[in-house]
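Have the structure open beside you as you read.

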Amino acid sequence: MMQIWSEQDFRTMPWKNGGGSTTELAIYPPDAGLDQFIWRLSTATVATDGPFSHFAGIERSLAVLSGDGMDLYLHDTGDEGEVAELRIDSAPFRFSGETPVVAKLLNGVAVTDLNMMSRREVCSHTMLRFGEGDHFVQAGEAQQILLYCHRGQVSLTDGTLVRSQQLLLQEENHAHEGISLQFTATAESDICLIIIRFSATGAS
């Protein structure tokens, strides 16, 4: 099954900690809230330095889509903690939702990021980033794949087009079949692809 969402389908709401706003691109199950989702994909504008929301039991991946970038200070590795440098050309960064994270903007310039969250006890995810060219993704254990076109345009082998600011959901046709996706991205494209695998006890 395949589904495509556009900007008019997305919804904007406050951050969980009230420190900003987020635009929800898709959530699973579709009627879930912040306390019940299995996975959730969203964008957010980070306009000031400050802490991230705490999400127990959640794995997160972040990719910077616009702005100069930001440094994430992760304070679970010691007094000073680890620092992750995220820029618009960086690979997605993965961390646990329980980790205390403080974001510091580079040059004080606001950034927009893409944020994938999945509930650890039910499923796992991997976020990849692609630019211009022909790409083939073979996800033999995946039940779902999300493809977000931040910039540019993507064409699938069956003729399906995913335009700028659109999100595609591809689900496996048969259980344990997995998903393969072949696509071409136009010049200057910025594509984020998320592979989703449900656990044996999870729902798909």
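Two strands count as paired if DSSP finds at least two bridges between them. Strands (E, at least two residues) and helices (H or I, at least four) are DSSP runs, numbered from the N terminus. Keep in mind that this is a predicted model, where local features need pLDDT of at least 70, side-chain atom pairs count only at pLDDT 80 or more, and totals for chains, interfaces and linings use all residues. Residues are numbered from 1 along each chain as its sequence is written, and side-chain values use heavy atoms, with hydrogens and water left out.

**The five-stranded sheet**

Start with an open sheet of five strands, ordered E1-E17-E14-E19-E12 and paired antiparallel. Its edges are strand E1 (2-5) and strand E12 (123-130), each of which pairs on one side only. From one strand to the next, the twist averages 15°; axes here are lines fitted to C-alpha atoms (for helices, over the stretch in contact), with angles running from 0 to 180 degrees between N-to-C directions. As background, strands of a sheet pair through backbone hydrogen bonds, either parallel or antiparallel.

Here are some of the pairings, each with one facing pair of residues.

| Strands | Bridges | Facing residues |
|---|---|---|
| E1 and E17 | four, antiparallel | glutamine 3 and leucine 169 |
| E14 and E17 | six, antiparallel | leucine 146 and leucine 169 |
| E14 and E19 | seven, antiparallel | leucine 147 and leucine 193 |

How many residues of E17 are buried? Six of the six are, so E17 is largely enclosed by the rest of the structure. (Buried means under 20% relative accessible area, exposed over 50%, and partly exposed in between, using a 1.4 Å probe and protein chains only.) Gln166, Leu168 and Gln170 point one way from E17, while Leu167, Leu169 and Glu171 point the other way, and all are buried.

Now for strand E14 (residues 144-151), which holds histidine 150. With a relative accessible area of 15%, histidine 150 is buried. Its contacts (heavy atoms within 4.5 Å) are Leu65, Ser164, Gln165 and Asp190, leaving aside neighbours within four places in sequence.

Glutamine 144 also sits in strand E14. At 1% relative accessible area, glutamine 144 is buried. Not counting residues up to four places away in sequence, glutamine 144 touches a list of residues including Tyr28, Trp39, Leu169, Ile195 and Phe198.

**The largest pocket**

The largest pocket holds about 260 Å³ of space. Of the 16 residues lining it, the closest to its centre are Gln3, Trp5, Ala26, Ile27 and Pro30. The elements giving two or more residues to this lining are E1, strand E3 (21-28) and strand E17 (166-171), and E3 provides the largest share, five residues.

How is a pocket found? On a 1 Å grid over the protein atoms alone, a pocket is an open set of points with protein on both sides within 12 Å along at least five of seven lines, and lining residues have an atom within 4 Å of a point; a cavity, by contrast, is a set of points where a 1.4 Å probe fits but cannot get out. Grid points are joined across faces, edges and corners, and the volume is the space filled by probe spheres set on the points.

By class, the lining has 10 nonpolar, two polar and four charged residues. Ala, Val, Leu, Ile, Met, Phe, Trp, Tyr, Cys and Pro count as nonpolar, Asp, Glu, Lys and Arg as charged, and the others, Gly among them, as polar.

Most residues other than glycine have a negative phi, and most peptide bonds are trans. Tyrosine 28 and proline 29, though, are joined by a cis peptide bond, with omega about -5°. Proline 29 lies in the loop between E3 and strand E4 (39-46).

Asparagine 107 has a positive phi of about 60°. You'll find asparagine 107 in the loop between strand E10 (101-105) and strand E11 (111-119), and it counts as exposed at 62% relative accessibility. Histidine 176 has a positive phi too, about 65°. That histidine 176 is in the loop between E17 and strand E18 (179-185) and is exposed, with a relative accessible area of 76%.
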